Amino acid sequence: MILLVTAAGPNSFFFFFFFFPRGAGRRRGRCPYSFRHRPGLLPAAPVAAAISGRRREGLEAAPGRAALRAATGGGLPWGLRPRREGLSPAAGAMALGSRAASWWARLFSPGPAAAPRGSPAWLAAGLVACRRPYSSGGKEKIDMSTYPVERIRNFSIIAHVDHGKSTLADRLLEITGTIAKTDRNKQVLDKLQVERERGITVKAQSASLFYSHKGVIYLLNLIDTPGHVDFNYEVSRSLSACQGVILVVDANEGIQAQTVANFYLAFEAQLAIIPVINKIDLKNADPERVEKQIEKLFDIPVNECIRISAKQGTNVEKVLEKVIEKIPPPHFNTTDPLKALVFDSTFDHYRGVIANIALFGGEIQKGHKIVSAHTKKRYEVNEVGILTPNEQPTDKLYAGQVGYLIAGMKEVTEAQIGDTLFMHKQPVEPLPGFKSAKPMVFAGMYPVDQTEYNNLKSALERLTLNDSSVTVHRDSSLALGAGWRLGFLGLLHMEVFNQRLEQEYNLSVILTAPTVPYKAILSSAKLIKEYGKAEITIISPAQFPDKSSVSEYLEPAVLGTILTPQEYIGKIITLCQDRRAVQKDMLYIDEHRVMLKYLFPLNEIVVDFYDALKSLSSGYASFDYEDAGYQAADLIKMDILLNGNPVEELATIIHSDKAYATGKFLCERLKDAIPRQLFEIAIQAAIGKKIIARETLKAYRKNVVAKCYGGDITRRMKLLKRQAEGKKLMRKIGNVEVPKDAFIRVLKRQPDK
């Protein structure tokens, strides 16, 4: 006999007595009182509903008590008798208890997978229906062998910011039945919180679609890419796994700067290009004008453009048909040795690294032994599958297909973007991979509290796995402690990275003002021997060599493209000249819009140029840039002195033309940030020995003449003179310590409003 006590409420309990027939458990060689866990047990609630005569979804109507007694061969445990009259179904299910139901299911079943011997059909169905809904064993696997290479299309969607890439991706997912049609389908592929908050795509996301065209089912692998120039590296990576692209252009705004940049990325990769004009439902849409722009700039005939409204779903079906007809299938063979390209990866806390792969040959399945060409480590494949857009396991992946792979990679450094995976003992020539991202902006990152250093280090490792374009170098500061010097592709990239740290890892950091990498050509034989080369890269002012040992300083330059309505040309040209830019080209793409090309010093556009451009053009101008190497420049190192002592953390590298304005600005901010002392503090900006700006922070002073309410003036002067001598002595021996919050206020990117 077993006594089971079950709580039904805060002040009530049910007592159940279980009587077992003699020998009930001995027939199977185990004790009926043992409650050891075995997989596949029947959960309590379905058993309760079945015995109580209630109908459950997916099951036949459960038989009554007499039928159940007959089907199970006699005795029924007392605790499993039908519920008492007056109890609700929920209370009846609770009263049965999970342990009682587990014992009952185990007693009458020979094994975890088989149905009970001599049991009715409803019980066998119940065992199947009651499996855990999220177990990997319960997922239905798709047979990918039914999709040969000829029926596969790999393509990306590329466009300028806010031209409707993610909206078009949502409609494609709905039309192919990948997701249900609802009003809440907005940015389905944008999974990061920062993407949904800002309304932009930050990470390229892929999804596999199944579409029937002329009676044949095709496998379409879609990759949704970012549109901002700072995430251009994501676009170039995505194109490596594709044979074609959909180029989306806004029917209202027309061709923008990033549209041009993305077109040439696809053109240089020799991909098929399908032009799509989106947002034709807008009131001010002018698709005819946009078609002429596409024909003039990209030499694509007008009749090849597809006019759609991704929001309303107009003509989106034609885009899928065009993808199948115009984009060629991948030219790979399943009989070749395995060759898989890792084009993206994410980190899961429980399963380790999840690598997104494109198969350039062979096939891969669970249990295969694979080797990384980069690390030379061997792994066993645990799971392969496709993204629909959620993970869908498959038995195999074949050449030409795009999917994901889990192989027990526990370290974030093991899955390098651009790595080649091949079968163990079947080495292949590694794929060329990707050109490493070139950081355009550097900033120091420090934990607010040094006790959070290890947590921040772990978070950085995992985020840089997911975003391989960020470069990381160890750094330290006397004021801010240990930290890192990070390289980003731009300011938005830096802001998004910082926001992801806060949202995904709950970490607050100090991010210093952004700088750019400079170069110096050394003339000193001693320094050349010390560095081992004549040209060195400078990423922080502490590395800046003295002018006497350098023949030339170099600063990074970019070729900027500005598209603007013609009425703003004058203001924009003035802005570019103020930023030391050199005009290279000016082209009218139609009667209203102009494309300007300028050679900019990178440090002139890295902070606030984009904001100033949008302000001058009322938001109509767009800006894009690409690397243009290095050019000679008159660079200097500006030091900040407090009472004659340099503060290393506040030193900056700057062009000589901007030195005075920047020095004055820093001195004024320091005057507001540093607390007053009992002695006067001189805040100076210096270039070498020359002081170019100064602010004075006055001392606290006691009113020593308060007690002099009359008498001779000499008494008053004597007291003031003695106070001045004391202040002078205190200034000589006093040490100015800049507090940490003052450093943060001075070094952060924007002044307090």
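Is E504 buried or partly exposed? E504 is partly exposed, at 37% relative accessibility. The views below come from a predicted model.

**View 1**
In general, an α-helix has 3.6 residues a turn, so residues three or four places apart point the same way. R500 is buried, at 5% relative accessibility. E504 is partly exposed, at 37%.

**View 2. E535 and K519 meet in a salt bridge.**
The N to O distance is 3.4 Å. E535 belongs to strand β24 (residues 535–538) and K519 to strand β23 (residues 518–522), so the pair ties together parts 16 residues apart in sequence. E535 is partly exposed, with a relative accessible area of 36%.

**View 3. Salt bridges with shared partners join E555, R580, E604 and K658.**
These residues make up one network. A search of the whole structure finds 17 salt bridges.

**View 4. D286 pairs with R289 in a salt bridge.**
Their closest N and O atoms lie 3.5 Å apart. D286 is partly exposed, with a relative accessible area of 29%. R289 counts as buried, at 17% relative accessibility, because the cut-off for buried is under 20%.

**View 5. Four strands form an open sheet in the order β20-β21-β19-β22.**
The pairing is antiparallel. Strands β20 (471–477) and β22 (509–511) stand at the edges. Each has a single partner strand, so one side of each lacks a neighbour in the sheet. The twist averages 30° from one strand to the next. Strands β19 (residues 441–447) and β21 (residues 481–488) pair over 5 bridges. V441 has F488 of β21 as its bridge partner.

**View 6. Helix α12 lies across β19, β20, β21 and β22.**
Helix α12 spans residues 453–466. It runs at about 15° to β21.

**View 7. Helix α6 is mostly covered.**
Of the 11 residues in α6 (residues 165–175), 9 are buried. Among them are K165, D170, R171 and E174, along with L168, L172 and L173. The buried residues pack against strands β3 (152–159), β4 (205–213), β5 (216–224) and β6 (244–250). They also pack against helix α11 (316–326). Just after α6, G177 takes a positive phi of about 80°.

Terms used
Residues are numbered from 1 along each chain as its sequence is written. This is a predicted model: local features need pLDDT of at least 70, side-chain atom pairs count only at pLDDT 80 or more; totals for chains, interfaces and linings use all residues. Side-chain values use heavy atoms; hydrogens and water are left out. Buried means under 20% relative accessible area, exposed over 50%, partly exposed in between (1.4 Å probe, protein chains only). Helices (H or I, at least four residues) and strands (E, at least two) are DSSP runs, numbered from the N terminus. Contact means heavy atoms within 4.5 Å. Two strands pair if DSSP finds at least two bridges between them. Axes are lines fitted to C-alpha atoms, for helices over the stretch in contact, and angles run from 0 to 180 degrees between N-to-C directions. A salt bridge is a side-chain nitrogen of Lys or Arg within 4 Å of a carboxyl oxygen of Asp or Glu.
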